[in-house]
Amino acid sequence: MNNDLHFETLAIHAGQDPDPTTGAIMTPIYQTSTYVQRAPGEHQGYDYSRSDNPTRAALEALIAALEGGEYGLAFASGMAATDTILRLFKSGDHIIVGNDVYGGTYRLFERVLSRYGLQFSWLDLNNHDAVQAALRPETKLLWLETPTNPKLELADIAALVDLMPDGVMVAVDNTFASPVSQQPLRLGADIVMHSSTKYLGGHSDVVGGVLALNDQETHQQLKFLQNAVGSVPGPMDSFLVLRGVKTLHIRMERHSENALQIARFLEDHPAVRQVYYPGLESHPQHELAKRQMKYFGGMVSMLLENEEVARQMSSRTKIFALAESLGGVESLIEHPYSMTHASTADSEIAVDPALVRLSVGIEHIDDLLADLRQALA
Ligand SMILES: *Cc1c(COP(=O)(O)O)cnc(C)c1O
């Protein structure tokens, strides 16, 4: 597949040639752990499914194409993908991280990986002076999310890449934007990570993670780690992500249209103190959002009067289901303080208890607005 084709075409075809033996147009679910060899060591490119599996290989080629990278890798979850990147480093290495990240990323870095001697600095990535001042000889990685979870803050990927000296990798968690909206490798980042559980899968029926990158040596190291550590997705899960991605571009367009209307509605509502959405003119980084993102995405957060009101509203919606996760076709609502971000409570990156987060789905906008209206009443 020629990777210069348009995104919409790649999303449907990249990595997914018709099956050579049967002509099946959909990538088969190669539900097998092992592969018969002609003679010892003489196989057809596959010897064991932890190392390689054809359904997973199709997904890996697809994600590389979508992010404009040379290489893709698929994992059992977004956290497994993140963990595998961090295993490139060793005790004593230093990592700079944005201070508004997915709660599970905070937990993995601070409560697991810091026990192995990795050192983390949590910073506001919009304060470029502070980022520069935090650099040390041992700094090996800048980890960033944009937009962030749950406050929808942006980081200027190209500017941060420029700020990093040689030898410091930049990894971007691109889960919220999805590759249809922004492609960090094209802005100079070294590695892109996604929780494919979210927009890539898009139907709340699979947990997975993917990476995309250009550097051959780093790819070889990550591929080695993927096999050595073994947190790989099964063929069925790989298939579900392949299938989900085919409609990513039209889903994201609708998610974004609905989210913008909802953000505007909330901004005018007296019960809402603040709305966080990069598509609003009131968002402090709206100009950067316009420059860096094609779509503003489906995630909207809001600050209500207090924790009690936030909890009540989260329980009152009828179409917005009260659940963790995001990025599916159906709308979800959640209370980060007690749900997705509970692991950051009392930490330097704790979230406001009055915050409510929406993952706006692709249902009819009028039904979504009516649901929020009655829940805020
Ligand atoms: C969900 C999520 C993750 C973790 O991915 P899993 O697939 O749940 O392991 C990481 N980053 C962001 C931004 C997420 O939303």
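Student: Which residues line the largest cavity?
Tutor: Gly 98, Asn 99, Asp 100, Leu 123, Asp 124, Leu 125, Asn 126, Glu 145, Thr 148, Glu 153, Leu 154 and Ala 155 line the largest cavity. On a 1 Å grid over the protein atoms alone, a cavity is a set of points where a 1.4 Å probe fits but cannot get out, and a lining residue has an atom within 4 Å of a point. This is a predicted model, where local features need pLDDT of at least 70 and side-chain atom pairs count only at pLDDT 80 or more, while totals for chains, interfaces and linings use all residues. Residues are numbered from 1 along each chain as its sequence is written, and side-chain values use heavy atoms, with hydrogens and water left out.

Student: How does that lining divide by class, and what is the volume of the largest cavity?
Tutor: The lining has 4 nonpolar, 4 polar and 4 charged residues. Ala, Val, Leu, Ile, Met, Phe, Trp, Tyr, Cys and Pro count as nonpolar, Asp, Glu, Lys and Arg as charged, and the others, Gly among them, as polar. The largest cavity has a volume of about 90 Å³, a volume being the space filled by probe spheres set on grid points that are joined across faces, edges and corners.

Student: How many cavities of 30 Å³ or more are there?
Tutor: The count is 3.

Student: On to pockets. What lines the largest pocket?
Tutor: Its lining is Asp 19, Pro 20, Thr 21, Tyr 30, Thr 32, Tyr 35, Val 36, His 43, Gln 44, Tyr 46 and Pro 54. By class that is 6 nonpolar, 4 polar and 1 charged. The space in the largest pocket is about 300 Å³. A pocket is an open set of points with protein on both sides within 12 Å along at least five of seven lines.

Student: And which pocket does the ligand take?
Tutor: The ligand takes the space of the second largest pocket; the rule is that more than half of a molecule's atoms lie within 2 Å of the grid points. About 250 Å³ of space lies in the second largest pocket. Of the 20 residues lining the second largest pocket, Met 79, Tyr 102, Ser 195, Thr 197 and Lys 198 are the closest to its centre. By class, that lining has 6 nonpolar, 9 polar and 5 charged residues.

Student: Which residues come nearest to the ligand itself?
Tutor: Met 79, Asp 173, Ser 195, Thr 197 and Lys 198, out of 15 residues around the ligand, counting a residue as near if one of its heavy atoms lies within 4 Å. Helix H3 (78-86) and strand S6 (191-195) each supply at least two residues of that shell. Helices (H or I, at least four residues) and strands (E, at least two) are DSSP runs, numbered from the N terminus.

Student: What distances do the side chains of Asp 173, Ser 195 and Thr 197 give?
Tutor: A ligand nitrogen is 2.6 Å from a side-chain N or O atom of Asp 173. Ligand oxygen atoms are 2.8 Å from such an atom of Ser 195 and 2.7 Å from one of Thr 197.

Terms used: A polar contact is a pair of N or O atoms within 3.5 Å; within protein, one must be able to donate a hydrogen and the other to accept it, and residues adjacent in sequence count only if both atoms are side-chain atoms.
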